[in-house]
Amino acid sequence: MLKNCYSRITYCSAVLLITMINSDALAESEAIQTEEEIVVIGVTPTHGVNLPIELIPYSVQSATSEDLDSAQSFDLSDFMNRNLGSISINEAQNNPLQPDVQYRGFTASPLLGLPQGIAVYQNGVRINEPFGDTINWDLIPESAISSINLIGGSNPLFGLNTLGGALSITTKNGFTHPDHGAEAYGGSFERIVTSIESGNNNGNWGYFFTGSYFEEDGWRDDSESDALNAFGTLSWRNDVSTLDLSLSHGDTELRGNGPLPIQLLEIDRDTIFTSPDITENNMVMLNLEGSHWLKDTILLSGNVFYRTNDADSFNGDGTEFVECTSDPGFLCEEDDLTDPIEDQNGNMIPAGNDAINNISRREQEGFGATLQTTFINDLFEHQNQAIIGTSYSQGLADFDSQVEIAFHNPDRSTTGTGLFVPDESTVIKTHTRSWAIYFTDTFSITETLALTLSGRYNNTHVVIGDRNSINPSPELNGEHDYQRFNPAAGFTWQFNPEISMYASYSESSRAPTPIELACADPDAPCNLPNAFLADPPLDQVVSESWETGLRGSFGASTIWNLGVFRTENKDDIIFISTGGVSANEGFFDNIGETERLGLEAGINGIWNDLDWFLNYSFVNATFETDFLVSSPNHPFAIDTDGDTVGDSIQVRDGDRIPGIPQHNFKIGGDYAMTPKFSIGGDLVYNSNQYLRGDEANLLDTIDGYAVVNIRGSYQYNQYVSFFARINNLLDSDYETFGLLGDPEEVLGPAFDDPRFLAPGAPISGFIGITISI
């Protein structure tokens, strides 16, 4: 009844091959168990006894380290973009390590200000950052990944932020990867990437270590970046217990210079609007995982973790200050031309400086633990697996920011003057405490029909405190409590040996993040990621998800899936721009209901020497509530009283959410020309999307695009192989993202088109070598 999955990338999942215990044998207390090797996945973030895909009532996509290696992807986000269904990328920062990853219309991004809707776990630890639930893809080294599961729907078992889905990452250890190797490649953009790894075990003790280093100049001006990552695990095993102590470290400096005004883009795609835009991350994470069979049918598992990440940002931008009318020759705020601003010494700041440097630092710290018990016992003489667990975590963040007066150089980079504006400074401390209890039970009604019931109770407490002694903002002080029980139910039915059906309903929620709560007053907009002024309450976002589908196989070598889903968010939160050169000034607000309605289809398999896949998805992401939203850079903005000129646009029920393409199509594969030589490639197509700031869908969309990539590899001998790839083979000009801004502040009145677009990278080539021992 249960079948192995055999394709390179499968919807049938995953990660791990285990020995499932025959429940009839358990019931008869036989000493010798019947064993069957099947593909299974983890149904909670804490790995324990997992379930076969035939019993999972929702969509799951999976891949292993071998899949990542053969795809020759740049990193995990690039792999998912090229290979997994319903995934697209917005290159808002134009840095390959800082993508906005979209899954089913929900976001996992490193950028503050975006509504995060995907929970990401590494070995059971939720690695969404404490301050804004952001995800730093640069801190997840591809060389450490053993397997991934991308889980669809509002699955409550994966906790907060699982509005659209969850990504669960399992890393390598000395038992799963007892080998040694090194890899290096380089090519376009002066990119050089190197990595090493080593693992082994003696049956009881094992170790694994990997280190990787990346550097490049980037394909756009002033875009050099580097990233160092290291990961190590010390493991212990015996017949009934496991322990894994892992240490992760990431030290990165990334430059992402963002979208270009469309008129500037038409002149030079390599140029930048303003610079620099530097983000530095320094992360350390320590995680202890363990499991122990209390008896043949009860498994206790859990983890304890500590994680810290210091993030510094330096962003050169156009100024928001103008010359005073009351005191010519000095600078004032745009909305108050009679009150000159003062520097840190109490002196009025002279006019003539046309830029600012936004400088901020976030010291983030998280720690917590999870404990769960898995029961494998027959219930009423039917197979049954139950899991009960609890988790506790705290997230601390110290945030401080300041604004330095600067001037633009001829290349639109900035040079600071050493004069700071105390009234624009922010110093806050935040504390987020969350605890939860959860359960799931899968009951086999018959040999082909199974019912799953799940639920999770979340309790979150958020405290924000002002710590600014120079420019106090007591209105920032506040405490907020959020709690909710989120249920889920589903069934699977394998109505013939080759086809099974699944259906489920689930709910999840996310509490507003500290950054959203600190920037939620429309009368006191903030400048992301710098200034926060007030702390009004926001409602937590609740998602309700329905999905159903079929999955099956054609013969012994082809897997397919077809499914539909609908997710509705209630009290959804978005960032509402009130202006700024790059539209980064504004506030967060609950705007009512949004919906993601979609269809997913995939097929993959092996035909002779061809390993191939095809994925298509349709995602219609829409606002379901009428509301008036601020968009001061919109050419069709109106006043709140309906005048033809103003700073707001009217969003209607059914308008599409910006930044999300409706159609996504991927096809690819690898063909073994000889036992040693293979060639492969992939095509990624995304349809059009609306610009951020055009929530009313009044402007033309960003054009859809297709990108073709090819690759090849040659196994020279048992230890050495060579590989090469060409990205964007046809050198297509395309854009992945857009927003509305104000280019005139920097470029002058001739640049009056408010549309900013993020250009995709041009054709590039890379060649490398892999050594395996």
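Helices (H or I, at least four residues) and strands (E, at least two) are taken as DSSP runs and numbered from the N terminus. The structure is a predicted model, for which local features need pLDDT of at least 70 and side-chain atom pairs count only at pLDDT 80 or more, while totals for chains, interfaces and linings use all residues. Residues are numbered from 1 along each chain as its sequence is written, and side-chain values use heavy atoms, with hydrogens and water left out.

Five strands form an open sheet of mixed pairing in the order E4-E10-E11-E8-E9, where two strands pair if DSSP finds at least two bridges between them. Strand E4 (60-64) and strand E9 (125-126) are the edge strands, each pairing on one side only. Helix H3 (residues 76-83) lies across E4, E10 and E11 and runs at about 50° to E10; axes are lines fitted to C-alpha atoms, for helices over the stretch in contact, and angles run from 0 to 180 degrees between N-to-C directions, contact meaning heavy atoms within 4.5 Å.

Two residues other than glycine adopt positive phi values in loops. Ser-86, with phi of about 65°, lies in the loop between H3 and strand E5 (87-90) and is buried, its relative accessible area being 5%; buried means under 20% relative accessible area, exposed over 50% and partly exposed in between (1.4 Å probe, protein chains only). Asn-123, with phi near 50°, is placed in the loop between strand E8 (118-122) and E9 and is likewise buried, with a relative accessible area of 5%. A cis peptide bond, with omega near 0°, leads from Ser-275 to Pro-276, and Pro-276 is located in the loop between helix H4 (262-265) and strand E18 (277-295).

One disulfide is counted, a disulfide being a pair of cysteine sulfur atoms within 2.5 Å. This bond joins Cys-324 to Cys-332 with an S to S distance of 1.9 Å, and both cysteines are buried. The torsion about the S-S bond of Cys-324 and Cys-332 is about 105°, and the disulfide is therefore right-handed.

Asn-459, found in strand E27 (residues 449-466), is buried with a relative accessible area of 13%. When residues up to four places away in sequence are not counted, Asn-459 touches Arg-433, Ser-434, Trp-435, Tyr-482 and Gln-483. Asn-459 and Asp-481 are 22 residues apart in sequence and 7.6 Å apart in space, C-alpha to C-alpha.
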